[in-house]
Amino acid sequence: MKFSTIGFTIKEGFRNVWTNKVFSIASIATMSACIFLFGIFYSILVNFQNVVQDVESGVAITVFFEEDTTQERIDQIGYEIAQRPEVSRFNYISAEQAWEDYKLVYFEGNEDLAAAFGSENPLANEASYEIYMEDISQQQDLVTFLENLDNVRTVRQSETVANTLTDANKLIGIVSIAIIIILICVAVFLISNTVRTGITVRKEEIGIMKMIGATDFFVRAPFIVEGVLIGAIGAIIPLAILYVGYGKVITYVAEKFGFLSNMVTFVSSRSVFTILLPVGLILGIGIGYIGSRVTVHRHINV
């Protein structure tokens, strides 16, 4: 392909955008709205998932041992737990530590009651492992494994919390896919209409080009460039607005709603836009390409 042909194609693509500026502006505006909504939804989604992950990381499975289980066997169980891929970390709580923690929680302000036990430890058989996971949906598999270990007396789990978090993650995934599909369909439809209008306006010119032997690519390429340009511009504008606005919004929320900041750790702008910027650009350009390619294929018979 000659550089002159490439230059002509790009030039004609820009000319198409300018010639059909009313439809182009409408398509760019709609594309911008779609990408903007996608960006807002993605930002909310990332922060919500961060909250869910924080909650998941705090949900523990507790393993208690049978009476007279040796420390050697307890250490062996700890080794077997460490080999499980779903385990992110685990802590050993000795019987002595369990009693000290219990006194801090239940005898606060009434230390005399705890002193009545003397040197006796009523939790002598309550040594345990607290196990934390990255993915709470795998909790039941881990619980089944633990219950089948020798010398394990009881396994306590937060089944309701696990099910709730698992369902929340599934719902997030379904809603995300549905919204993305809707936005893509709307944007493709509008870009297709814009390109189709350009084809209609230049119908006579296209006929002449075909008569003098213009190749398929030479006729179709400017309209595909037009769609790609609309998609790219329609993505860059909202992404720039979101990039500036996201940081200001989380700063404002952190300053005005301190209690919320204590409960939620917002994802940084850099973390959000490391993914959002390339995905948004690819989505915009891809939608522009698909919309124009489909339209050209249907309405230009070369």
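Analyst: Let us begin with pairing: two strands count as paired if DSSP finds at least two bridges between them. This is a predicted model, and in it strand S1 (residues 60-65) is joined to strand S3 (residues 128-133) by five bridges, the two strands running antiparallel. One of the residues to look at here is Thr62, whose bridge partner in S3 is Glu130.

User: Which other strand pairs with S1, and over how many bridges?

Analyst: S1 also pairs with S4 in the antiparallel sense, over four bridges, and Phe65 has Val152 as its bridge partner in S4.

User: How should I read the two faces of a strand, and what covers the faces of S1?

Analyst: The general idea is that side chains in a regular strand alternate between the two faces of the sheet. In S1, Ala60, Thr62 and Phe64 lie on one side and Ile61, Val63 and Phe65 on the other, and all of these are buried, so that both faces are covered. Since six of the six residues of S1 are buried, the strand is largely enclosed by the rest of the structure.

User: Now for the rings: how is an aromatic pair described, and how many pairs does a search of the whole structure find?

Analyst: A pair of aromatic rings is described by the distance of the centres and the angle of the planes. A search of the whole structure finds six aromatic pairs. In one of them, the ring centres of Phe65 and Tyr129 are 5.5 Å apart and the planes stand at 90°, so the pair is edge-to-face. Because Phe65 lies in strand S1 and Tyr129 in strand S3, this pair ties together parts that are 64 residues apart in sequence. Both Phe65 and Tyr129 are buried, and together with Phe90 and Tyr92 these two residues form one aromatic cluster.

User: What is the geometry of the pair formed by Tyr246 and Phe273, and which helices hold the two residues?

Analyst: The rings of Tyr246 and Phe273 have centres 6.0 Å apart and planes at 70°, so this pair, too, is edge-to-face. Tyr246 lies in helix H9 (residues 216-256) and Phe273 in helix H11 (residues 269-299), so the pair ties together parts that are 27 residues apart in sequence. Phe273 has a relative accessible area of 3% and is buried. Leaving aside its neighbours within four places in sequence, Phe273 is in contact with Leu239, Leu242, Tyr243, Tyr246 and Pro278. Phe273 and Gly39, although 234 residues apart in sequence, are 9.3 Å apart in space, C-alpha to C-alpha.

User: Which residues does Ser43 touch, and is Ser43 buried or exposed?

Analyst: Ser43 has its place in helix H2 (residues 21-57). Burial requires under 20% relative accessible area, and Ser43, at 8% relative accessibility, therefore counts as buried. Not counting residues up to four places away in sequence, Ser43 touches Tyr246, Val272 and Leu276.

User: Where do charged side chains lie over rings, and at what distances from the ring centre?

Analyst: Arg84 lies over the face of Phe145, at 4.4 Å from the ring centre, and Arg89 lies over the face of Tyr132, at 4.0 Å from the ring centre.

User: How many helices and strands does the protein have, and what percentage of its residues count as buried?

Analyst: The protein has 11 helices and four strands, and 38% of its 302 residues count as buried. Of the contacts in the protein with a separation of 6 or more, 85% are between residues 24 or more positions apart.

How values were computed
Residues numbered from 1 in each chain as written. Predicted model: local features only at pLDDT ≥ 70, side-chain atom pairs only at ≥ 80, totals over all residues. Heavy atoms only, no water. Phe/Tyr/Trp six-rings, centres within 6.5 Å; stacked < 30°, edge-to-face > 60°. Buried < 20%, exposed > 50% of the residue type's maximum accessible area, 1.4 Å probe, protein only. Lys NZ or Arg CZ within 6 Å of the ring centre and 35° of its normal. Contact = heavy atoms within 4.5 Å.
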